[in-house]
Amino acid sequence: MKNLVFAFLLFPLFVACNGQSKPEKENISDETQSVLSNEPENVPVHLNKVQFLDKVADYEKNPDTWVYRGDKPAIIDFYATPILDDLAKEYKDQIYIYKIDTDQEQELAADFGIRSIPSLLFIPMNGQPQMIQGAIGKEEFKKIIDEFLLKE
């Protein structure tokens, strides 16, 4: 009897849900539309060179004049694939590699005078730590690790 009452109560809900048509594109949320458009507006868009030439500026065709192709202002963040991930694997039994999100850890960043990103603090077993501000290449990282951190 309880099953019959339960089924009777659920039947209108089942009919109501199945009777709805799929939402048309104008009824889709802005967030869903941005995901469907393949260019979400709420996250940075990663570009390769071909996409940059198409969406930002074709500096190859116009080497002497900047001609922006976008329909609103933009910020371009040039960054490198994290070298530290590779180095953490390469030196896994010899050093620790820590990362600190300065947006999340503002007090810690202020305590160390972090004013630009990247800032790297190299800490040897003996002696004083050394801070380097700005990007460095993998070979320079390896030189610092081998000659400063792992030096006996």
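Predicted model: local features only at pLDDT ≥ 70, side-chain atom pairs only at ≥ 80, totals over all residues.
Reader: With which residue does Lys 142 form a salt bridge?
Author: Side chains of opposite charge can pair when their charged atoms come close. For Lys 142, the closest N and O atoms of the pair are 2.7 Å apart, and the partner is Glu 90.

Reader: How many residues apart are Lys 142 and Glu 90?
Author: Lys 142 sits in helix α6, residues 138-149. Glu 90 belongs to helix α4. The pair links distant parts of the chain, and the separation is 52 residues.

Reader: How many salt bridges does the structure hold?
Author: One of them joins Lys 142 and Glu 90. Another joins Lys 99 and Asp 85, at 3.2 Å from N to O. Glu 60 and Lys 49 also meet in a salt bridge, at 2.6 Å. The total is three.

Reader: Where in the chain is Glu 60, the partner of Lys 49?
Author: Lys 49 is in helix α3, and the two residues are eleven apart.

Reader: Is Lys 99 buried or exposed?
Author: Lys 99 has a relative accessible area of 56%. The cut-off for exposed is over 50%, so Lys 99 is exposed.

Reader: Which side chain of opposite charge is nearest to Asp 58?
Author: Asp 58 is in the loop between α3 (49-55) and α4 (83-90). Asp 58 is buried yet has no salt bridge. A salt bridge needs the atoms within 4 Å, whereas the nearest side chain of opposite charge is 4.1 Å away, and it is Lys 61.

Reader: Which residues is Asp 58 in contact with, leaving aside neighbours within four places in sequence?
Author: Contact means heavy atoms within 4.5 Å. With those neighbours left aside, the contacts of Asp 58 are Leu 53, Val 67 and Arg 69.

Reader: Which residues form the negative surface patch?
Author: One of its members, Asp 103, is in the loop between α4 and α5 (106-111). At 59% relative accessibility, Asp 103 counts as exposed. The patch is formed by Asp 101, Asp 103, Glu 105, Glu 107 and Asp 111.

Key
Residues numbered from 1 in each chain as written. Heavy atoms only, no water. Helix = DSSP H or I, 4+ residues; strand = E, 2+ residues; numbered from the N terminus. Buried < 20%, exposed > 50% of the residue type's maximum accessible area, 1.4 Å probe, protein only. Lys, Arg positive; Asp, Glu negative; His and termini not counted. Patch = residues over 30% accessible without salt bridge, like charges linked within 9 Å, V, L, I, M, F, W, Y side chains within 5 Å. Areas by Shrake-Rupley, 256 points an atom, 1.4 Å probe, with all protein chains shown as cover. Charge placed at Lys NZ, Arg CZ, Asp CG, Glu CD.
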